Amino acid sequence: MASRVRVYTAAGKYLTELDGKITRSWLLNAVGVAKITLPITDIKATEENLRYGNFVYIENDRADEWGGMIWTPRQWTPATVEVTAYSAAYLLRQRRVQAGLISGTAGEMMNALINMANIQESTGITVGQVNSQSAIWSEELKFQSIYDMLNKIAAASNEDYSVDPVFDSAGLMSFVVNWYIHKGNDYNFRFEEGLNIERPGGATLTEQGDIANDVLVYGNSGSQTSSLYSNQLDTPSIAQYGLRQVSIGSSATSQTTLDALAAGQLAVLKNPTNSHKAILIDHNNAFDYAREGDSVLLR
């Protein structure tokens, strides 16, 4: 079926359904973007419906659901108006932390950050399911956005989160943050050129990332000679790329926490990141294996 776009106020109240050309992206632990293009003559292209801050819900029988917020830019042509929406994590970019310290597992610190985001005014985001097995450590809060701190914690713990749309019994729309040890499923399903993916124009594979195979995470307690640290190496990566060192500061005050943080960073940094661009075709139900966080085989 074609995608359906429903618009809600920032308080979650239903406004209307839009018909137009729709594209959107899903990004793990980041902000996706939707573009909704309407005819300039569409009677629903009103300021009330397209107001900055309104919530958007996009659904499709085969693709995953998408929820977010209308924001700038908006582009007008003689024939169309193109509306931009960002996935709901963008709301957390617009809230700052309260100065102080938060401590706990990654999931517990996420809970504290979301509560902090809603102190002055509700974001429409609450905490959903939390499943975290990270070490316990502390983070200093000072002027950062909630979003930046959430991503810092996710990167340090090597765990995942998502901000997902939900509806209550009255039909009001809001969002929940779910925290995962690993989001998505690992499938033995293959995306293969000529079968269920098309080759796009331009680069199909980008190898990037700052490789580090000797990771040292140091704490902020004690003097320079007595401060705690954890130094972990990956021998296969060193053999392949040579010795590549990095040092990362942390607010952690225990050796166990520093060891866990160093192991998590080493797992992320020891190899380059391979980013693939492919156009997926829903052949043999390929869309069932293309949810955010899923792992598949790619040929």
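Biologist: Among contacts in the protein between residues at least 6 apart in sequence, what share joins residues at least 24 apart?

Modeller: A word on the model: it is predicted, so to speak of local features we need pLDDT of at least 70, side-chain atom pairs count only at pLDDT 80 or more, and totals for chains, interfaces and linings use all residues. Residues are numbered from 1 along each chain as its sequence is written, and side-chain values use heavy atoms, with hydrogens and water left out. A contact means heavy atoms within 4.5 Å. Counting contacts between residues at least 6 apart in sequence, the share that joins residues at least 24 apart is 67%.

Biologist: How many helices and strands does the protein have?

Modeller: Both are DSSP runs numbered from the N terminus: helices are H or I with at least four residues, and strands are E with at least two. With that rule, the count is 4 helices and 21 strands.

Biologist: What percentage of the residues is buried?

Modeller: Relative accessible area decides this: under 20% is buried, over 50% is exposed, and in between is partly exposed (1.4 Å probe, protein chains only). The protein has 299 residues, and its C-alpha atoms fill a box of roughly 70 × 50 × 35 Å along the principal axes. Of these residues, the buried ones make up 40%.

Biologist: Is Pro-78 buried or exposed?

Modeller: Look for Pro-78 in the loop between strand E6 (66–76) and strand E7 (80–87). Its relative accessibility is 84%, and therefore Pro-78 counts as exposed.

Biologist: Are helices H1 and H2 roughly parallel or roughly antiparallel to each other?

Modeller: Two packed helices are described by the angle between their axes and the distance between the axes. H1 (residues 106–117) and H2 (residues 146–157) have axes 10 Å apart, at an angle of about 175°. Axes are lines fitted to C-alpha atoms, for helices over the stretch in contact, with angles from 0 to 180 degrees between N-to-C directions; under 35 degrees counts as roughly parallel, over 145 as roughly antiparallel, 65 to 115 as roughly perpendicular and the rest as oblique. The two helices are therefore roughly antiparallel.

Biologist: How many residues in the contact of H1 with H2 are nonpolar?

Modeller: From H1, the residues that meet H2 include Met-109 and Leu-113, and from H2 they include Leu-150 and Ile-153. Ala, Val, Leu, Ile, Met, Phe, Trp, Tyr, Cys and Pro count as nonpolar, Asp, Glu, Lys and Arg as charged, and the others, Gly among them, as polar. The contact has no charged residues and 1 polar one, and the number of nonpolar residues is 10.

Biologist: Which residue in E10 stands opposite Gly-104?

Modeller: Two strands pair if DSSP finds at least two bridges between them. Strand E8 (residues 100–104) pairs with E10 in the antiparallel sense over 5 bridges. E10 (residues 137–141) is mostly covered, with 4 of its 5 residues buried. Opposite Gly-104 stands Trp-137.

Biologist: What is the strand order of the open sheet that has E9 and E11 as edge strands?

Modeller: E9 (residues 125–130) and E12 pair in the parallel sense over 4 bridges, while 8 bridges join E11 (residues 160–167) to E12 in the antiparallel sense. E9 and E11 each pair on one side only. The pairing of this 3-strand sheet is mixed, and its order is E9-E12-E11.

Biologist: How many of the 8 residues of strand E12 are buried?

Modeller: Helix H1 packs on the sheet and touches E9 and E12. Strand E12 (residues 173–180) is largely enclosed by the rest of the structure, because the number of its residues that are buried is 6.
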